[in-house]
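Subject: Structure handover

Hello,

Here is the structure for your files. My notes on it follow below.

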Protein chains: 2
Amino acid sequence: KFHCSLLPILSFLKETKTKHDMRRFTHCIKVGITLVLVAFLSLLDPIYKQLGENAMWAIMTVVVMFEFYAGATLSKGLNRGIGTMLGGGLGCLAATIAQEIGGIGNAIVIGTSVFIFSAAATYSRSIPSIKRQYDYGAMIFILTFNLVVVSGLHADKVVHLARERLSTILMGFVVCIFTSFLFFPVWAGDELHDSLATKFEELARSIEGFLEEYFKEISKENQCNPSFHFSCCKSLLHTKTKDEELAKFARWEPWHGKFGFSYPWNKYLQIGEVLRELATTILSLKGCLQSPRQSSETAWQSIKEPCEAAGKSLAWTLRELGGSIKKMRRCQTGDLIVSKLKSMRVELSMAMSPSTLGQLENGEGLAIANFMFSLM
Amino acid sequence: KFHCSLLPILSFLKETKTKHDMRRFTHCIKVGITLVLVAFLSLLDPIYKQLGENAMWAIMTVVVMFEFYAGATLSKGLNRGIGTMLGGGLGCLAATIAQEIGGIGNAIVIGTSVFIFSAAATYSRSIPSIKRQYDYGAMIFILTFNLVVVSGLHADKVVHLARERLSTILMGFVVCIFTSFLFFPVWAGDELHDSLATKFEELARSIEGFLEEYFKEISKENQCNPSFHFSCCKSLLHTKTKDEELAKFARWEPWHGKFGFSYPWNKYLQIGEVLRELATTILSLKGCLQSPRQSSETAWQSIKEPCEAAGKSLAWTLRELGGSIKKMRRCQTGDLIVSKLKSMRVELSMAMSPSTLGQLENGEGLAIANFMFSLM
């Protein structure tokens with residue numbers, strides 16, 4: 001019987017897994033095609049004549065900036081562009097000043113400027129708010145600045161070099177954006193959206209699974225392993241970092257599908273936070289499963305019914321909310337949900353008052369009420 | 001006199017701005033010095049004559065591989081070295097084959113090899129176990145392979161180029177390792193070790209804080225905000241990603257301080273996991289604070305004493321364990337702790353049996369017992 005209930009979950013997992021695998025596969029193909037494109041583009045005679053050795057910067061740009069998510073690609077590309085321009089401009093300036101002075105002053109100016117700008121940019125990389133969005137740009141700034149300053153020592157072609165490099169980076173950037181956005185784009189926003197809807201479903205399933213486990217055990221009196229439903233919740237607890245990353249990329253993504261400009265991605269993070277709190281509550285119920293239950297059979301039966309009803313309505317609520325988020329429509333059953341949850345709480349507290357084991361649902365009921373309040 | 005009064009302020013600032021800020025500052029200085037060193041090294045006449053334009057690869061190596069933690073720097077450097085060698089070698093081979101064939105076959109061989117190797121390496125980057133340790137190496141492999149293959153189309157100096165590039169990368173690598181490891185190194189292992197000990201302390205403090213809050217409120221009958229103690233626990237829940245990253249870097253770090261080779265960093269991750277579970281339990285007690293407590297004053301008083309005693313011994317236990325981990329000595333009071341916790345559980349279950357509110361400590365007691373079992 002347990003196996004039966006596992007089957008649809010497994011097939012569901014398989015489905016999501018294969019979908020993710022497919023995207024990974026497509027991503028590899030896209031990277032390969034982009035690189036071939038750039039390689040041949042930079043080897044075309046007219047372009048090669050103009051760019052020469054600098055063609056390698058186009059390849060480098062593609063390799064470095066082509067990320068799995070479209071938003072990540074765009075963010076890295078823009079960071080790279082801005083970092084290169086800033087670094088190149090300041091580098092030009094420093095190199096020119098150094099050459100104006102000449103002699104031993106030249107080396108001093110170069111050494112000092114390299115030290116100051118590198119240290120300052122490195123420090124800015126360790127500030128959390130800058131690190132989150134512009135870490136890569138700062139690195140490219142340091143790199144370009146140093147390259148321009150050092151090359152400026154021996155040759156007088158700094159401006160020329162900077163212009164060429166920028167145009168090759170631009171070429172790589174355009175090809176990258178072209179392949180990344182037009183052929184099977186992988187949007188971080190879509191992923192965040194789907195993962196949030198899945199979380200609701202997972203929580204609903206683990207509440208149901210927990211209740212089943214809890215009331216099954218007492219009738220069979222054997223210790224079984226309830227870790228399956230909890231591993232779901234546990235992995236959900238550690239999604240914070242990933243969600244934040246996805247939201248970061250999603251903010252860079254242009255209008256696509258149902259997501260407009262300045263779509264409120266922050267709301268997703270907030271809902272995710274609330275869901276993680278709910279997962280914490282569900283996880284803490286694990287203790288109830290492990291604790292010995294010495295209560296009489298009758299007391300058990302008296303709480304069984306309201307608890308199961310509550311569990312069912314909780315799961316239903318979660319599914320309803322998850323569904324409405326997935327389909328991006330206003331949850332029309334909102335009032336119904338609230339009244340249902342309220343009556344559930346009343347029922348539970350009635351069932352609980354005479355028994356010592358009501359603890360089980362009280363915490364859960366509270367959590368869900370809290371959760372509802374923060375959602376509506 | 002002014003100097004005298006400034007001194008304590010400075011020392012105070014030093015203390016409050018924490019060790020972390022100081023390390024960040026040192027890191028910036030180190031990066032600056034390293035870059036100046038590399039810039040002047042690559043501009044020395046004998047070296048410049050040999051390396052020429054390739055000198056920029058040394059700068060690039062330093063900028064890209066110099067990370068905050070010593071282990072991260074070493075791992076990136078080795079990844080870069082191996083990636084460059086593999087990519088360069090295969091690139092040479094492909095370019096030679098392409099030139100042997102010549103004509104239109106040349107372009108076909110180049111296009112095919114670029115596509116196959118880039119796609120394969122990109123796919124390997126999306127496999128979790130490879131992504132964790134060798135992500136950067138795979139990227140460098142793609143980069144070098146493409147550069148060598150494309151440059152091989154127009155010039156016959158592939159081997160020469162590869163050798164030069166490798167030697168400049170080696171130069172950057174050596175300078176990097178030199179500054180990173182010899183001057184105020186920041187070890188990821190130290191950080192992981194300290195953060196684990198701090199976690200024990202934080203949990204102990206939040207248990208104490210929770211109990212204080214719980215028993216204070218009933219006597220004063222006012223709603224106060226207990227969020228402070230919980231934010232600690234909450235932030236602790238999200239340390240998984242950071243811990244795993246630190247452990248990853250720590251594995252690369254050579255013998256230093258009290259940490260030998262093949263130090264069991266995995267144990268740290270396991271203990272961290274158990275602590276996060278405990279934090280989950282503590283967080284779930286939040287519900288108890290929010291729930292109305294209608295019980296009589298006498299019932300309250302009867303559970304207050306054993307609960308507070310239990311909380312105290314839990315906090316003591318956590319501090320003892322944290323201290324022994326911090327000092328890296330065997331926890332000598334192990335037997336004492338186990339017997340103390342056992343007697344605590346007996347006491348709690350005695351105090352609980354007549355009252356309906358014993359729920360509070362039961363879950364906690366269970367969690368800590370579970371925790372003790374997995375630690376000893």
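How many of the residues of helix α3 (residues 55-65) of chain A are buried? The helix is mostly covered, with 11 of its 11 residues buried; buried means under 20% relative accessible area, exposed over 50% and partly exposed in between, with a 1.4 Å probe and protein chains only. Among the buried residues of α3(A) are W57(A), M60(A) and M65(A). Helices (H or I, at least four residues) and strands (E, at least two) are DSSP runs, numbered from the N terminus.

Some conventions before the rest. This is a predicted model, in which local features need pLDDT of at least 70 and side-chain atom pairs count only at pLDDT 80 or more, while totals for chains, interfaces and linings use all residues. Residues are numbered from 1 along each chain as its sequence is written, chains are lettered from A and ligands numbered from 1 in the order in which they are written, and side-chain values use heavy atoms, with hydrogens and water left out.

Chain A overall

Chain A has 15 helices and zero strands. Of its 376 residues, 50% count as buried. Its accessible surface is about 18200 Å², and carbon and sulfur atoms hold 64% of that; the areas come from the Shrake-Rupley method with a 1.4 Å probe, and for residues only the protein chains shown count as cover. Among contacts in chain A with a separation of 6 or more, 81% are between residues 24 or more positions apart, where contact means heavy atoms within 4.5 Å.

Helix α5 of chain A (residues 103-125) has 23 residues, which at 1.5 Å a residue should span 33 Å; the end C-alpha atoms are 34 Å apart, so the two agree. The expected span is 1.5 Å times one less than the number of residues. Buried residues in α5(A) include G105(A), I110(A), V114(A) and R125(A).

Cores

A nonpolar core is a set of buried Ala, Val, Leu, Ile, Met, Phe, Trp, Tyr and Cys residues joined through side-chain atoms within 4.5 Å. The largest has 80 residues, and L35(A), M60(A), L35(B) and M60(B) touch the most other members. Another core, of 72 residues, lies apart from it and includes L196(A), L211(A), A250(A) and A250(B). Leaving out residues up to four places away in sequence, M60(B) touches W57(A), M60(A), L143(A), L147(A) and R80(B).

Cysteines

The search of the whole structure gives zero disulfides over all chains, a disulfide being a pair of cysteine sulfur atoms within 2.5 Å. For C28(A), the nearest cysteine sulfur is that of C176(A), 14 Å away. C28(A) counts as buried because its relative accessibility is 4%, and C176(A) does so at 0%.

Single residues

S180(A) is in helix α7 (residues 158-182) of chain A and counts as buried at 2% relative accessibility. Beyond residues up to four places away in sequence, S180(A) touches K30(A), F66(A), A70(A), T73(A) and P185(A).

In chain B, E191(B) belongs to helix α9 (residues 188-220). Is E191(B) buried or exposed? With a relative accessible area of 14%, E191(B) is buried. Its side chain makes a polar contact with that of Y69(B) at 3.3 Å. A polar contact is a pair of N or O atoms within 3.5 Å; within protein, one must be able to donate a hydrogen and the other to accept it, and residues adjacent in sequence count only if both atoms are side-chain atoms. Neighbours within four places aside, E191(B) is in contact with R23(B), Y69(B), K242(B) and L246(B).

Regards
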